[in-house]
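Have a look at the picture first.

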Amino acid sequence: ELVGDASRWMQTFQDAFPSATWVSIGLPEYPAHPEAWEPLGLELERMEVLRADKKPASAEIDPNYTSRNLSGKDWDALLQREISENLKSGEHDPESYERFIRRTIEGYKELSNRGVASWFGAFYGTELVADLGIVVCGETARYQSVQTDERHRKKGLASHLLGMAADWAGERGCSSWVIVTESTNDAGRVYRKAGFSPDVETVTAYRSEK
C-alpha cells in the first residue's frame, strides 16, 4: 500500500526540499497504519473539503463592525495581525515566520491586482478582526485562510465575509464554492450553515518548523 509507505514519502519530500525545516506531505487517504508515521516525528491531520453549488448567502453584520475588500494600508493591518497571532501562539519562529508571511501577503496582493483573487476584512473601528480570501479557479471559487480574532467570534463575521466573497466570485463566473477545514474544526458548523456540504477528505502528514 503506497500511501502507507511513510519512509518512502519522507525521503521524497527531503529530496525535493532538502533545506526545509518543516514537513508537509499530502496523502490521498488516511493510512491503514498511522503508527508508521510516528517514528518519523510526523502527525496526521484530516482535512475536509466542503462544497456549495449555491452561492453562500451573506449574514448581516453587527453595526459595530464594517467590512470591505482589503486594499492599501489594509494589507499592513493583515501583516501585523498575522505577526501578532504568531507571537501569541508561539507556533513558529518569529523571524522566519515574519519573512514567510510578508512573502505570502505579497502573493495575495499580486493575485488581487490581477483580478483572480480578493481578500476581505471585517473591522472593529480601525482594527482588522476577521479576514478571508477567495481565488477564482475557472468556475470554482476556493476560499483561503478564514480567520476571526478570538475576541470577536460568534458575531457572524465569518459568515458575513463568506457571503461577500461569494458575491465577488459569482460576478466573475463562479458557480461553485469550496473551502478546506480540519475535519474536527468547530468552524465546519459555520460553513454548513452557510450551505456547504462535505465533498472529499484529504490527509496531511506534517511536522511543524523546528
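Of the chain's 210 residues, 37% count as buried (under 20% relative accessible area with a 1.4 Å probe, protein chains only; over 50% is exposed, and in between is partly exposed). Keep in mind that this is a predicted model, where local features need pLDDT of at least 70, side-chain atom pairs count only at pLDDT 80 or more, and totals for chains, interfaces and linings use all residues. Residues are numbered from 1 along each chain as its sequence is written, and side-chain values use heavy atoms, leaving out hydrogens and water.

## The overall build

The chain has 5 helices and 8 strands (DSSP runs numbered from the N terminus: H or I of at least four residues for helices, E of at least two for strands). Along the sequence they come in the order α-β-β-β-α-α-β-β-β-α-β-α-β.

The C-alpha trace spans about 50 × 40 × 35 Å along its principal axes.

## A helix on the inside

Now zoom in on helix H4, residues 157-170. Because 12 of its 14 residues are buried, H4 is largely enclosed by the rest of the structure. Among the buried ones are Leu157, His160, Met164 and Trp168.

What covers the buried residues of H4? The cover includes strands S3 (65-69), S4 (117-124), S5 (127-137), S6 (140-148) and S7 (176-182), plus helix H5 (187-193).

Conventions: The expected span of a helix is 1.5 Å times one less than its number of residues. Contact means heavy atoms within 4.5 Å.
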